[in-house]
Amino acid sequence: MGVLDMAVVSVAGLAGLGVVGLLIGSFLNVVVWRVPRGGSVVAPPSACPSCDTRIRPRDNVPVVSWLVLGGRCRDCSTPISARYPLVEAATGVLFLLVGLRFGPSWALPAFLYLAAIAVALALIDLDTHRLPDAIVLPAYPVTAALLVVASWGEQDWPALLRTGIGGAALFAVYFALAVAKPGGMGFGDVKLAGILGGALAWVGWGALVVGGFAAFLLGGLFSIGLLVTKRAGRASGIPFGPWMLLGAAVGVAVGEQLWTAYLRLLGV
């Protein structure tokens, strides 16, 4: 296969990931709405919350249907929130970025899965200040299984050892913070920390350190911004899950490079 052919295959693969991301994003809209309310994500079929008419397949095409319908229900003309197509588009872009980061590797499924649940957890935490066990707890065995497969495929068993150590370490840090200051850190954050720590450590120790630190840095800067603009007070509760997830994304994307640069700066 020539270089041009390989480039075409690569572009086609990334485009395919983007399309899959759009479809997953459509499903995540259902997850974000139903899981906090204790509903099933399988049944009943999606329907307009205003007129209760079942959404037709042609009206359920990610992004496109919302644009064609002008952001309104076909049957009752009730406005449909722009959040739906934005979630779909954002998930598609996120899948593309994960594909660019990992390429056609054994690790790709694990990090696509983590990207998908990250979108759902971030939105649910913003809406409800909760990280539901229904999503977080199953992520432990699923992520572990996918990373075992990735380590086997890459023949990188030290990465799996790092996963166990990193997951336990970040879980312990968040657990200590939650115990030291009750109410300051939710136990949903603690449980999520174990998953993120394991995934970051699989990438490398630098990814773990940078990803863990970035969560507090970004969350702290955001909180300071809210205080300065008087949009929140010192007692205001700010969901930390989205910042944990964003910090983890930074760690996965550039954590190893930043950590290496930092060690070189120290002369290590």
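Trainee: Where is the place of Val 63?
Mentor: Val 63 sits in the loop between H1 and H2. Helices here are DSSP runs (H or I, at least four residues), as strands are (E, at least two), and they are numbered from the N terminus. This is a predicted model, in which local features need pLDDT of at least 70 and side-chain atom pairs count only at pLDDT 80 or more, while totals for chains, interfaces and linings use all residues. Residues are numbered from 1 along each chain as its sequence is written, and side-chain values use heavy atoms, with hydrogens and water left out.

Trainee: What is the phi of Val 63?
Mentor: First the general idea: most residues other than glycine have a negative phi, and most peptide bonds are trans. Val 63 has a positive phi, near 65°. With a relative accessible area of 22%, Val 63 is partly exposed; buried means under 20% relative accessible area, exposed over 50%, and partly exposed in between (1.4 Å probe, protein chains only).

Trainee: Which residues does a cis peptide bond join?
Mentor: Ala 43 and Pro 44, with omega at about 0°. Pro 44 is in the loop between H1 and H2.

Trainee: How much of the chain reaches a pLDDT of 70 or more?
Mentor: pLDDT is the predictor's confidence in each residue, from 0 to 100. In this chain the mean is 90, and 94% of the residues reach 70 or more. Over residues 1-6, though, pLDDT stays under 50, and the model has two contacts for them beyond four places in sequence. Contact means heavy atoms within 4.5 Å. Where pLDDT is low, the predicted coordinates should not be read in detail.

Trainee: Which residues have the most contacts inside the largest nonpolar core?
Mentor: In soluble globular proteins, nonpolar side chains tend to be buried together. A nonpolar core is a set of buried Ala, Val, Leu, Ile, Met, Phe, Trp, Tyr and Cys residues joined through side-chain atoms within 4.5 Å. Here the largest one has 55 residues, and those with the most contacts inside it are Phe 102, Phe 111, Ile 135, Tyr 174 and Trp 202. Helices that each supply at least two residues of this core include H1, H3, H5 (133-154) and H9 (241-265). H4 gives the most, with 15 residues. Setting aside residues up to four places away in sequence, Phe 111 touches Val 98, Phe 102, Leu 147, Ala 199, Trp 202, Val 203 and Val 252.

Trainee: Is Arg 101 buried or partly exposed?
Mentor: Arg 101, in helix H3, is partly exposed, because its relative accessible area is 35%. Beyond its neighbours within four places in sequence, Arg 101 is in contact with Val 203, Val 252 and Ala 253.

Trainee: What is the volume of the largest pocket?
Mentor: About 1,000 Å³. On a 1 Å grid over the protein atoms alone, a pocket is an open set of points with protein on both sides within 12 Å along at least five of seven lines, whereas in a cavity a 1.4 Å probe fits but cannot get out; lining residues have an atom within 4 Å of a point. Grid points are joined across faces, edges and corners, and a volume is the space filled by probe spheres set on the points. The largest pocket is lined by 40 residues, with Ser 46, Ala 47, Ile 55, Asn 60 and Tyr 84 nearest its centre. H1 gives the largest share of this lining, five residues.
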